[in-house]
Amino acid sequence: MNFSEIFKQSNQLCRISPDGRYLATCVQYRLVVRDVNSLQILHLYTCLDQIVHMEWSSDSLFILCAMYKRGLVQVWSLEQPDWHCKIDEGSIGLVSSRWSPDGRHILNTTEFHLRVTVWSLCTKAVSYIKYPKACQKGIDFSRDGSYMALAERRDCKDYVSVFVCEDWHLLRHFETETQDLAGLEWSPNGCVLAVWDSCLEYKVLLYSLDGRLLSSFSAYEWSLGIKSLAWSPSSQFLAIGSFDEKVRILNHITWKKITEFEHPATIYPALAGLGLMCVSTGPLTLYQTHNEISQPPFQIPVVKPDLDRANPKVGVSSLAFSADGRYLATKNDNMASVVWVWNMQKMSLEAVLEQTAAVRCFQWDPRRPRLALCTGTPRLYLWSPAGSVSVQVPSEGGFQVHALSWHSNGDSLVLIGKEHLCLCYMDTEDKSTDSNIWTK
Amino acid sequence: MSPLGHFSQSEAPSLSGHRSPFVLTSFCTEDNVLECRSYINQEVSSLGLRAVWTPTDGPAELNVVAVLNSLYELIQLHRQGLRALDDMEVERQRSASNTELLQLSNTRLKGQLELSKRENTSLLEKERQLQLKVKNLQSCLKNEKEEVQRLQNIIASRASQYNHDMKRKEREFGKLKERLNQLLVDKKEKKQAMEVLNYVERADGKRSMWKTGRTEARHEGEVYRTLLSDYDARQRELVLENSEQRKVLQQMKRDMVSLLRGSKPARREETPGDPQTQVRGEGDSEDSEEVFESSCVDAREKLTNSIRLKWRKLKSHMERLDSQASLVQAGEGAEPDAVPLETHGQEMERLKLEIQQCKDFIHSQQQLLQQRLTSPCEEEEAAAIPPGSPMQGEGGRPGERGRLGEDWRALEEQRTHFEKERKTFTEAAIRLSHERMMFEEDRATWLKHQFLHWTPFTDQNQPEMTEGEQEAASVFSPECLPGSPSPETSSSPRCQALQTQSTADPYRSLPPSPESRYR
């Protein structure tokens, strides 16, 4: 494993291009584009204000830099560095800006979510979408980039509009049976849209692409509901994490719960198959930071949350499926230093990864079942079914890893600290070392 | 004959009132006056009365006074006695009635005791039940309290969430009001605008189209096509899974049928054709049904029902076998089921026969081997023996042996030859696959070069491109030439150089013919 030197960045804005060749970082008001392997600076662009949001276009040819305070969006081209584009939202303000999947349109959300403006880089056409909803995840594009689902709120009712991204034609517009829609997400195959309610009501509605309601799922009433949601890569399963510290898995044929995963404070070996449909009990391992494997029963450190405040730190807040859909990693907020890895084939607990500090970020390798996680310490932790490893990031100044992001080919990682970033290259050529267990 | 002997048994019924056992007339006669007198004296003095006669009175005379006194005293005694008797009689009667009374009250009290004991037990029972009820109610109360607590917690968390949201909305509302005020005050309104150096190509290179009914219909079509293909794929998977599972079930059924058939031949003779033909018939019908639409509900149900039946029979059979096995283990000779024993015996016979055959075979082989080993010695003997003798038959053996050895050697040679050939073939195959891989990689890099150097910007360097590149470029950007804005003269020379380099490179790096490179 090799580490690059430490570079400066601001606002945690470091993104690798979708084609995997470039790394773009923002330093105050400058945009720096480097080659991913040599880390040489290829381009340097200067924006008019401090960059708050930066995004690559899907074909890796353009970069969008948004400055919300000034209501400006600047677009830079990689091929023609002289090319420039500036979108000024004027008095209407800017809260969020993003690319469309074709990489030629920019969607700007105005202040107070008054409307979404669709700017085109190809033509002079401008489209407006009224009444977008200000919620956790109000816009989602389908994976193939053909459709966009947008949450709207009019007259105290929630609606979903489905647009065709090709020409921004409104395909469907339907009301949803939610009290207060919190988010929506397309399934990876683009045929089902999952819509979920705010945490005051546990409700997930599943709509087909043509706007029909396929099913609705509600696990319980009154207590705080859904905290996070994730589709499996094959669209076979929908994992729902809720405030009652459980993850419920729905199947795509009947949209009924097939199992639920609990996060208890004490794990007994007899309960190693915690899912309700568990048949076999796989080996249960508990890793600690110095890679000790403990014997059952295991005690998990629990931090009791303050239930008087809103959005209490309890419940499953992060869910991630591995790229092959075989594993699901979850994090329960009142056991913040523990990441649970579930085996989706056996529907049982595979591993419990306990760290010394609260886990800040974890992400699966896009190619293989390997999980990288960081805790705000100068260490990087990697887990795979073959074993786990923890590496210290070499730096003089004490580089704390706050977030991480994989390269699309799974061979390198971007480690993002508070003001710095570092690249970590995995060993792929050397088959003789121990690290070959990672390259399956 | 003493006077006393007479007086022991006779009764005097003529006496008034008191029955006396003695007849007075025969006590004292003229002969035994003196004896009677002394006897009476003795008796009276033993009773404690004054003596009737004292020697001072004279030998044959009675003291009348003393006699009358003692008589009077006797009468007094008698009267006393009678009175005491009366009293005692009364006393006795009194006590008898007392005991009767006591007995009555005793039984009455016993009855009362029984009753009160029963009442007591019933009261205890009632108390126990009430206590149980109380416990239940207490636990219900506890549950209800917990439920109330939980609901209160929920209400509290919901309330805090609502408050939080309210505050957030109020803050946003405040910001909105401020902004509105600001806008009303601000005269100069900055409009939304976009400045762009030049418009760029669409990602897929096509021209954007007008929104017409046809495009809308096309979009609808796309939507349904996507959904249909997804459903198709899913249905295909499910049909595949279904057929596999049906195959497995059929296999299971066949196995079960064979197991059942094989293990109970005698039993099944009673109902000769029924289950077996039924099974066979079902199997046939189902196989044929599989050919048709196999998602027919009846076929499915029949299959599952027959599997269930067979499974139940198999289970019962296994249970019976288990019980028999346990009986056999326990050493009981009497077996309820004669059939397994028979089959067991048959199996044993068969195995014994097999063992015997194997043993014979081994024995004969050993003999042959022995003979072969001793044949060299016999060879010499055979040479000494004149021809025509029965021993001649063994002279052919060495020749046989020689031939066998030659055959063996030839086979060995062939085997090594084949091994060598196989090795060379595998090496060649490995080399071929390597070559193929390299070729594929080359092709991939070449294609990558191609794609990387295709750009949406109109390329002003057409004259520099080679023919192949031109064709490829024209495929990707047919409309770019007429529709694009005027080519910028300010495009940097670096870009141009890049493009020229890129076009020339793929052709430079590609060898003239990939095959020839590796020889």
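In the predicted model, the contact between the two chains draws 60 residues from chain A and 51 residues from chain B. About 5,100 Å² is buried between chain B and chain A, and carbon and sulfur atoms account for 55% of this area. Polar contact links 17 residue pairs between chain B and chain A, counting pairs with both residues at pLDDT 80 or more. The interface of the two chains also holds 4 salt bridges. A salt bridge joins Arg179(B) to Glu111(A), with a distance of 2.6 Å between the closest N and O atoms.

On the side of chain B that touches chain A, at least two residues each are supplied by α3 (64–185), β1 (193–196), α4 (213–263) and α12 (493–509) of chain B. The largest share of this side comes from α4(B), with 14 residues. By class, the residues on the side of chain B that touches chain A comprise 21 nonpolar, 19 charged and 11 polar.

The lining of the second largest pocket divides into 22 nonpolar, 11 polar and 8 charged residues.

Conventions:
Residues are numbered from 1 along each chain as its sequence is written. Chains are lettered from A and ligands numbered from 1 in the order in which they are written. This is a predicted model: local features need pLDDT of at least 70, side-chain atom pairs count only at pLDDT 80 or more; totals for chains, interfaces and linings use all residues. Side-chain values use heavy atoms; hydrogens and water are left out. Ala, Val, Leu, Ile, Met, Phe, Trp, Tyr, Cys and Pro count as nonpolar, Asp, Glu, Lys and Arg as charged, and the others, Gly among them, as polar. Contact means heavy atoms within 4.5 Å. Buried area is the accessible area (1.4 Å probe) that two parts lose on being put together, summed over both. A salt bridge is a side-chain nitrogen of Lys or Arg within 4 Å of a carboxyl oxygen of Asp or Glu. A polar contact is a pair of N or O atoms within 3.5 Å; within protein, one must be able to donate a hydrogen and the other to accept it, and residues adjacent in sequence count only if both atoms are side-chain atoms. Helices (H or I, at least four residues) and strands (E, at least two) are DSSP runs, numbered from the N terminus.
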